[in-house]
Amino acid sequence: LFMGVLYQYFGSQLLIQLESEAALAARGVEMGSMDYLDGLSSANRITWIDAGGTVLFDNQADPAQMENHADREEVIQALEEGTGQSKHLSNTLLQKTLYYAVRLDDGTVLRLSCQETTMGALIISVLQPILWIVVLALVLSGVLASRLSRQITKPINNIDLENPRLDDAYEELFPLVGRLREQNRTISRQMEALSRRQREFAALAENM
């Protein structure tokens, strides 16, 4: 749950950062055209596309080898509304590409994209530390449970069944000790009554 909340937060921050960089890059292109893009250093991928979808510039690939981008969702949205964005998942669903496009004054589109790790990839990346934590937690809980069980059972095993005392047990055992003492008193009374009857029977038999 904690990872999911952070993932959503940083995902929104990544989009805001991409929008800001796209706005600055668009302003630079409008002022300096291709020379600005050639000298721009960015960790994100920057693609400049004309109104027909032809790639004019790309900082990570040869524009001449790239296909027409007129059918791209973010490009279509940018041409119609001024800005556009979209997300595309890879085939393995372990990486997601975030696109943000902005339409320039001359009708061309400047698009920035970046790679975003998916939730599945994050879970896989932290799976080993989580497993270690689980193992350590199980070992620690086992040790603590063993010590605690000994602390619980030791006073029970040390109870003197013939003469149980409250000061030898913890508070939770007081009812048990009380029952044992009451049972011992009951047994003692029964034994005295039995002994008395035996003496009476012996006296009666002797007289007979």
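**Reading strands and helices**

Trainee: Which residue in β2 stands opposite T47?

Mentor: T47 stands opposite D58 in β2. The model is predicted: local features need pLDDT of at least 70, side-chain atom pairs count only at pLDDT 80 or more, and totals for chains, interfaces and linings use all residues. Residues are numbered from 1 along each chain as its sequence is written, and side-chain values use heavy atoms, without hydrogens and water.

Trainee: In which sense do β1 and β2 pair?

Mentor: Two strands pair if DSSP finds at least two bridges between them; strands (E, at least two residues) and helices (H or I, at least four) are DSSP runs numbered from the N terminus. Here β1 (residues 45-49) and β2 (residues 55-58) are antiparallel, with three bridges. Five residues separate them in a hairpin, and G53 in the turn has a positive phi of about 100°.

Trainee: How many bridges join β5 to β1, and how many join β5 to β4?

Mentor: Five bridges link β1 and β5 in the antiparallel sense, with W48 partnered by L110 in β5. Nine bridges join β4 (residues 95-103) to β5, also antiparallel, and Q95 has T117 as its bridge partner in β5. The β4-β5 hairpin has five residues between its strands, with G107 at a positive phi near 95°.

Trainee: How many residues of β5 are buried?

Mentor: Buried means under 20% relative accessible area, exposed over 50%, partly exposed in between (1.4 Å probe, protein chains only). In β5 (residues 109-117), seven of the nine residues are buried. F2, in helix α1 (residues 2-32), is exposed at 66%.
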